[in-house]
Amino acid sequence: MPTPRLLVIEGNSPATMAEHVAVGGTPASEGYANLLRELLPVAQVDICYPADVSTQLPPGEALEGYDGIAITGSSLHLYNGGAEVTRQIDLVRQALTTGTPVFGSCWGLQIITVAAGGVVRKNPKGREIGFGRGIRLTEAGRKHPMYVGKLDVFNAPTVHLDEVEALPAGATVLSSNAMSQVQAVEFRTPASTAWGVQYHPEYPLKELAAIVRRIGTRLIGEGFFADEADMKEFARDLDALDRDPACKRLSWRHGISQNVLDKKLRVSEVANWVEYQVLPMRVKRGRG
């Protein structure tokens with residue numbers, strides 16, 4: 001049988017990726033690709049960069065050749081438009097016509113929403129940063145394969161300023177919390193099924209730390225931190241917890257639950273996508 005092939009769509013511009021690396025982070029697409037290789041060790045994982053307007057994008061037949069397509073987060077905003085955004089919408093819209101399973105985190109959820117006909121806005125409640133608290137499964141979510149092994153109420157790594165305002169036809173909300181009524185969605189188009197979450201199951205704590213350092217000035221201005229020293233201390237604590245998830249002092253201080261600290265629990269949405277979407281589609285297509 002052919003080797004499983006997965007595609008990761010990087011949502012960030014080259015400039016943002018460079019800034020993230022400069023503060024000690026890993027590009028979102030590389031982190032996602034590494035996780036997918038852990039979950040499906042035999043897979044070939046490719047990355048494309050639609051926010052880099054100098055790069056070529058895979059055509060429809062190439063997208064159909066993949067067994068799954070994952071979409072990262074991004075610092076972009078859909079309502080700002082521009083080539084960095086519209087190229088991604090067009091690519092995801094095309095992906096949704098192929099039958100290839102799609103999974104999106106944060107920006108990934110938002111861009112699937114718009115590509116399928118929905119609307120995304122700036123969240124009037126402000127930014128959700130660090131951890132999405134009290135994410136609760138809906139009735140549909142409790143029965144959904146994406147949430148197999150997940151608690152009915154959980155926390156998750158998150159960083160977003162925008163949210164889904166209006167869902168497209170064929171979309172079902174799977175989880176919500178006080179900050180965003182839409183925390184996870186299953187999208188059904190005539191050809192494809194896509195799953196999306198507003199949070200980041202793929203993020204280890206060190207990536208949250210890097211994001212905090214990268215956008216720290218904005219976070220201070222928004223009132224999340226008193227000053228630069230306060231922000232840097234929080235980032236250092238996240239780095240320390242990433243190295244030692246068993247550190248009770250820091251997990252207690254920041255209210256970080258076991259379902260975040262335990263990697264298997266944290267990434268279960270992505271793992272379930274591989275198990276319940278990617279692998280069955282391979283079989284259906286005669287590839288595995």
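1. Is histidine 144 buried or exposed? Histidine 144 counts as buried, because its relative accessibility is 9% (buried means under 20% relative accessible area and exposed over 50%, with partly exposed in between, for a 1.4 Å probe and protein chains only). This is a predicted model, in which local features need pLDDT of at least 70 and side-chain atom pairs count only at pLDDT 80 or more, while totals for chains, interfaces and linings use all residues. Residues are numbered from 1 along each chain as its sequence is written, and side-chain values use heavy atoms, with hydrogens and water left out.

2. Histidine 144 sits in the loop between α6 (139-142) and β7 (153-160), and its side chain makes a polar contact with the side chain of glutamate 186 at 2.7 Å (a pair of N or O atoms within 3.5 Å, one able to donate a hydrogen and the other to accept it). A polar atom of the histidine 144 side chain also lies 3.0 Å from the backbone nitrogen of methionine 146.

3. Leaving aside residues up to four places away in sequence, histidine 144 touches Leu174, Glu186 and Trp195, where contact means heavy atoms within 4.5 Å.

4. Elsewhere, the axes of helix α7 (residues 205-214) and helix α9 (residues 228-243) come within 8 Å and cross at roughly 165°, so the two helices α7 and α9 are roughly antiparallel (angles over 145 degrees count as such).

5. In α7, Leu205, Lys206, Leu208, Ala209, Val212 and Arg213 meet Met231, Phe234, Ala235, Leu238, Asp239, Leu241 and Asp242 of α9. By class, this contact has 9 nonpolar, no polar and 4 charged residues.

Terms used. Axes are lines fitted to C-alpha atoms, for helices over the stretch in contact, and angles run from 0 to 180 degrees between N-to-C directions. Helices (H or I, at least four residues) and strands (E, at least two) are DSSP runs, numbered from the N terminus. Angles under 35 degrees count as roughly parallel, over 145 as roughly antiparallel, 65 to 115 as roughly perpendicular and the rest as oblique. Ala, Val, Leu, Ile, Met, Phe, Trp, Tyr, Cys and Pro count as nonpolar, Asp, Glu, Lys and Arg as charged, and the others, Gly among them, as polar.
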